[in-house]
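I set out to record what I looked up in this structure. The entries follow in the order in which I made them.

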Amino acid sequence: MAEPPRDIFRLSRDWLSVQEVVDSVSSSRCGAVSVFIGVTREDQVEGRKVIGLQYEAYEAMVQSELSRLAAALRARWPSLLHICIHHRLGWVKVGEASVVMAISSPHRQDGQEAIQHAVTQLKASAPIWKKEVYNTQESSWKENSECSWSQRGGASD
């Protein structure tokens, strides 16, 4: 009997486990598990050092957007089997994962293309907001350039 596709989405205030995400999409039917790990990076902004990010979300709408994203991925790459996206909320210090996603597919090309597309679309459509916190104790809300409402429009970060 064929294994039914699974979509797994989680918003969490806790540390994200890459292994848990990978395990959740693994299948003997698939020769590839494509993974993306978005990590909070140390950055310099106008002479201030980023020490972490604070994430907030409209959680019910995020779940809806992730379901829509998974359906779009499956329509574009029908060979995908399982899709898993975990995203942190709350405080995420430099060096920790903010998002972990994995997609299983029989062959690597579909999974790799799908994961790249998923990252871009997640940033463009999911109502998740981030605030950079600096070593000066100042902070600033950041806009994803992929968002349709972005003033910058189109560039990736």
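**Entry 1: Annotated positions**

I located His107 in the loop between β7 and α3; helices (H or I, at least four residues) and strands (E, at least two) are DSSP runs, numbered from the N terminus. The model is predicted: local features need pLDDT of at least 70, side-chain atom pairs count only at pLDDT 80 or more, and totals for chains, interfaces and linings use all residues. Residues are numbered from 1 along each chain as its sequence is written, and side-chain values use heavy atoms, with hydrogens and water left out.

His107 counts as exposed, at 62% relative accessibility; buried means under 20% relative accessible area, exposed over 50%, and partly exposed in between (1.4 Å probe, protein chains only). I then consulted UniProt, whose unreviewed entry lists His107, Arg108, Lys123, Lys130, Lys131 and Glu132 under "binding site". These positions span 26 residues in sequence and their farthest two C-alpha atoms are 37.5 Å apart, so they do not all gather at one spot. UniProt positions are given in the numbering used here, feature names are shortened, and annotations may be inferred rather than shown by experiment. I found Lys130 in strand β8 (residues 128–134), where it counts as buried at 17% relative accessibility.

**Entry 2: Helix α3**

I noted that α3 covers residues 108–125, 18 residues in all, and reaches 25 Å from its first C-alpha to its last, close to the expected 26 Å. That expected span is 1.5 Å times one less than the number of residues. Among the buried residues of α3 are Ile115, Leu122 and Lys123. The buried residues of this helix pack against β2 (32–39), α2 (59–76), β5 (82–88) and β7 (97–105), where contact means heavy atoms within 4.5 Å.

**Entry 3: Salt bridges**

Glu138 pairs with Arg48, with the closest N and O atoms 3.5 Å apart. Glu138 lies in the loop between β8 and β9 (139–142) and Arg48 in strand β4 (residues 48–57), so the pair ties together parts 90 residues apart in sequence. Glu138 is partly exposed at 40%, whereas Arg48 is buried at 15%. Glu46, Arg48 and Glu138 are linked in a network of salt bridges.

I also recorded the salt bridge between Lys142 and Glu132, at 3.7 Å from N to O. This pair links strand β9 with strand β8, its residues lying 10 apart. Glu132 is buried, with a relative accessible area of 11%.

How values were computed. A salt bridge is a side-chain nitrogen of Lys or Arg within 4 Å of a carboxyl oxygen of Asp or Glu.
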